[in-house]
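Could you open it and keep it beside you while you read my notes?

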Amino acid sequence: MKMLMNLPAMAVLSAISFGVHAQSVPADITWVSNNDEPLFASPDAVRGGTLRTSITSFPQTLRSVGPDANSGLRHYFMDGAPKLAQRHPNTSKWIPQLATSWAFDSDNKTVYFKLDEKAMWSDGEKINADDYLFMLKYYRSKDIIDPWYNDFFTNSISDVQKIDDYTIAVKSSIEQSQDALMVLINMPSNGFQPRPEHFYQDGKDANNDGMVDNFVRKYNFKSEPTAGPYYVDKVKKGKSVTFKHVGEDWWGYSNRYYQNRYNVEKIRITVIRDFDIALKHFEKGKLDYVDLVLPEYWHGKSESKGYKNGYIQKFWGFNQTPQGAGGLWMNTAQPLLDDINVRKGILYASDYDGMIANIMRGDYSRKPHGLGFGHGNYDKVDNKAPEFDPNKAAEYFAKAGFDKIGPDGIRVNAQGQRLSFAITYGYNAWTPRIAYLKEQAKLAGLDFTLNLVDGSSAFKYILEKKHQLAFLNMGSGEIPAYWEYLHSDNANKPQTNAHTNYSSPELDKLIEAYDEAFDQQTRYALSHQIQDYVTDASIIVPGYMVPYSRAVHWRWVEYPQQPMTKKTEAIFHPMDIANFWINTDVKKETEQAMKKGKTFPEVSVVDDRYKL
């Protein structure tokens, strides 16, 4: 179906007709619900309290799509919001979310979903099939200014059809296995979630010619109703965002897998631009937890006076989550970086292993490939990141014409041009890491300069393709995504994830074949070929992995006896597994003890059941 792309969102989208009552459900299909998988939350959980946390920069938008949306609070609005189904975090079977059951058509393209009739938007409106029809119109509209979603919901999702008010059919553009179809539809970051048609349908944004040409600006700080447990309650621009729980009658609690999760009443996220200042706020009791993934903080600042007195506790839990693409992305559209010899030299001149050992205390591990790790058979087993070798780097730099050493020890070419590139990054805490890379690169005659851009602004800078080198790790689903990073359709375009700007017709063909492959073994083989191609192209220096969640928290933040699941990324993130809670009685006890000088035993918990 061809979308009328010049019709804007959202006031006139309802004029476009999608597959309403287009078909019936085949009589011979089998419905699946998987309602008997093990639970991973605790019946000891209690509801209530305000979780106080922080963010380093204020989000540039409350939209979950469009310019600047791929950062900030996106996890609250999209990645962590309910989909139709999700993987069980330990058994990996599909379990219900907004759908109660699903079934597969014999065409290997279509999945039918029965929607939970109890599901409601946070403003009290029912969620039904029409919200999914509107979702397709929303994502296909050019007015959201988001090429990735335009493409995905046109070329990967061919249609969404309404069978009845609470049954839909979702059609893929190509034949895929049943599991691959479920991944395609329910991947956390792909945005396949209903959109509240009633929120946009009043037409107030239409100008005189019936167009809506200001969607991005109009909805920049307007929050949609949500299907999830928390909605935006208060926004203090530049200062804080507060989310509030929908309440005890949130529709999700009728789903057994949602019970005893999302227990806090409010989430107050305060902007604290410096992490050391945030840590001081935490130690004063103004924040309830602080993630201490960074080794320099865990090994140097986790054992505070509050910890010694038992008021503050330590937690370290390991996971088995897929690791996304990333490390040092080379923007091949920038001068010199279009030369493969320069890129190969940078690969061997970037001492990530030394950085991990010396700056990260050995806590992190190296990605074997720039396109990620932890994707099972999609990953080539013999992938190995290049070792630091300044002599080999120097050989490649010489081939690129940088065969002389300047008075400052940095290589120059015949034109007197120095071999120097800026590394763009977003957090001051990363400065020692990049400074280490800078010092080691000098051994190969390469100069790295540090370009620190604050928080979410750094990602915007990279999306706009202004960087030379980007120090950046991306998230990942369980199946590696290649099109968004590597296909020529995204190169040299702003607001895409093609951070290398690399373009190759041969690679395009491999990616297109990978996306279209039905046979699983063929898909694995194509994935390996893509990884080999990227290795040969030398466009990403493989970065590091962090296979754990680590935090310090006040003792009133509690969790189950087995707190981690295989897929828990952040133990205290309120939109992750979220099986923790705030014990207000323990909070009162702790505050009284602090006033009286009473102490408690030190507590440091390590959950290593899922340590690889």
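First, some ground rules. This is a predicted model, in which local features need pLDDT of at least 70 and side-chain atom pairs count only at pLDDT 80 or more, while totals for chains, interfaces and linings use all residues. Residues are numbered from 1 along each chain as its sequence is written, and side-chain values use heavy atoms, with hydrogens and water left out.

**Helix pairs**

Helices (H or I, at least four residues) and strands (E, at least two) are DSSP runs, numbered from the N terminus. Axes are lines fitted to C-alpha atoms, for helices over the stretch in contact, and angles run from 0 to 180 degrees between N-to-C directions. Angles under 35 degrees count as roughly parallel, over 145 as roughly antiparallel, 65 to 115 as roughly perpendicular and the rest as oblique.

Let's begin with helix H10 (residues 340-349) and helix H12 (residues 390-399), whose axes come within 8 Å and cross at roughly 165 degrees. The two are therefore roughly antiparallel. Their crossing is left-handed, a term used when the near helix is turned anticlockwise from the far one by less than a right angle (right-handed if clockwise).

The crossing of H16 and H17 is left-handed. Their contact includes Leu507, Leu510 and Tyr514 of H16, along with Leu526, Ile530 and Tyr533 of H17.

Helix H2 (residues 129-140) and helix H3 (residues 147-156) have axes 7 Å apart and an angle of about 130 degrees, and are therefore oblique to each other. Met135, Leu136, Tyr139 and Arg140 of H2 meet Tyr149, Asn150, Phe153 and Thr154 of H3. Five of these residues are nonpolar, two polar and one charged.

**Cavities**

A cavity is a set of points, on a 1 Å grid over the protein atoms alone, where a 1.4 Å probe fits but cannot get out; lining residues have an atom within 4 Å of a point. Grid points are joined across faces, edges and corners, and a volume is the space filled by probe spheres set on the points. The whole structure has three cavities of 30 Å³ or more. Of its 26 lining residues, Phe77, Arg195, Glu224, Pro225 and Thr226 are the closest to its centre. The lining comprises 18 nonpolar, four polar and four charged residues.

Ile405 lies in strand S16 (residues 404-405). Ile405 and Gly445 are 40 residues apart in sequence, yet 6.9 Å apart in space, C-alpha to C-alpha.

Best wishes

Notes. Contact = heavy atoms within 4.5 Å. Nonpolar A, V, L, I, M, F, W, Y, C, P; charged D, E, K, R; others polar. 1 Å grid on protein atoms, 1.4 Å probe; cavity = no way out; pocket = protein on both sides within 12 Å on 5 of 7 lines; lining within 4 Å.
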